[in-house]
Amino acid sequence: MVLYLRCHNYCLNCTGATASSCNACTNYGGVNYLLTGTTCAATCNSTSYNDTANTCANCPSPCKTCTNATFCLSCLSGFYLVSSDNTCPSTCPSGYWPNSSGNTCDLCNSACPTCTGGLISQCTSCGNVSSVI
């Protein structure tokens, strides 16, 4: 006698009958479920993304949240989001300053190539000076 294991509705393949024993997920009720560990979910949590295999892959460090393996939306503590390329370096590039309140690299004042904050009084170097007559 052969016994067949009935998987949870969200599971395509499984090791048990519960929703947390899936090996692969199915389309159920019009929703394409995604594998997160051994559980099928309708969406990935904020610290993971839907990869090409319909599984939820963890955001790569130092991304805290992301949309894919190369596009960070926020950064772990000690890293700063650069909005121009959605990366998370530990130090901000020239022309930006590390804003620890949001873990972002914010633009320096336009008169400052380098700075410690967004105000002109926070410039640590000066840009090209031109005079208006």
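User: Does Asn-86 count as buried or exposed, and why?

Analyst: Accessibility decides. Buried means under 20% relative accessible area, exposed means over 50%, and partly exposed lies in between (1.4 Å probe, protein chains only). Asn-86 has 11% relative accessibility, so it counts as buried.

User: What kind of model is this?

Analyst: This is a predicted model, where local features need pLDDT of at least 70, side-chain atom pairs count only at pLDDT 80 or more, and totals for chains, interfaces and linings use all residues. Residues are numbered from 1 along each chain as its sequence is written, and side-chain values use heavy atoms, with hydrogens and water left out.

User: What is the mean pLDDT of the protein?

Analyst: pLDDT is the predictor's confidence in each residue, from 0 to 100. Where it is low, the predicted coordinates should not be read in detail. Here the mean is 88, and 92% of the residues reach 70 or more. Confidence is lowest in strand 3 (residues 27–28), with a mean of 88, and highest in strand 10, at 96.

User: How many helices and strands does the secondary structure have?

Analyst: Look for DSSP runs, numbered from the N terminus: helices are H or I, at least four residues, and strands are E, at least two. This protein has zero helices and 12 strands. Read along the sequence, the pattern is β-β-β-β-β-β-β-β-β-β-β-β.

User: What radius of gyration does the protein have, next to a compact globule?

Analyst: Take the radius over C-alpha atoms; the globule rule is 2.2 Å times the number of residues to the power 0.38. A compact globule of 133 residues would come near 14 Å, but this protein has 23 Å. Its C-alpha trace spans about 95 × 25 × 20 Å along the principal axes.

User: How much of the protein counts as buried?

Analyst: Of its 133 residues, 30% do. The protein exposes about 8,400 Å², and carbon and sulfur atoms supply 55% of that (Shrake-Rupley method, 1.4 Å probe; for residues, only the protein chains shown count as cover).

User: Back to Asn-86. Where is its place, and what is it in contact with?

Analyst: Asn-86 sits in the loop between strand 10 (71–75) and strand 11 (96–99). Contact means heavy atoms within 4.5 Å. Leaving aside neighbours within four places in sequence, Asn-86 is in contact with Thr-70, Phe-71, Cys-72 and Leu-81. A polar atom of the Asn-86 side chain lies 2.7 Å from the backbone oxygen of Cys-72.

User: What is phi of Asn-86?

Analyst: Phi is near 50 degrees, a positive value in a residue other than glycine. Asn-103 also has phi near 50 degrees. Asn-103 lies in the loop between strand 11 and strand 12, and counts as buried at 18% relative accessibility.

User: Which residues does a cis peptide bond join?

Analyst: Ser-61 and Pro-62, with omega about 10 degrees. Pro-62 is in the loop between strand 8 (56–58) and strand 9 (63–68).

User: How many aromatic pairs does a search of the whole structure find?

Analyst: A pair of aromatic rings is described by the distance of the centres and the angle of the planes. Rings of Phe, Tyr and Trp (its six-membered ring) pair if their centres lie within 6.5 Å; planes under 30 degrees apart are stacked, over 60 edge-to-face, and the rest tilted. The search finds two pairs. In one of them, Tyr-10 and Tyr-33 are stacked: 4.0 Å centre to centre, 15 degrees between the planes. Tyr-10 lies in the segment before strand 1 (11–14) and Tyr-33 in the loop between strand 4 (31–32) and strand 5, so the pair ties together parts 23 residues apart in sequence. Tyr-10 is partly exposed at 26%, whereas Tyr-33 is buried at 11%. Tyr-10, Tyr-28 and Tyr-33 form one aromatic cluster.

User: Where is Thr-36 found?

Analyst: In strand 5 (residues 34–36). Thr-36 is partly exposed, at 29%. Beyond neighbours within four places in sequence, Thr-36 is in contact with Ala-41 and Cys-56.

Key:
A polar contact is a pair of N or O atoms within 3.5 Å; within protein, one must be able to donate a hydrogen and the other to accept it, and residues adjacent in sequence count only if both atoms are side-chain atoms.
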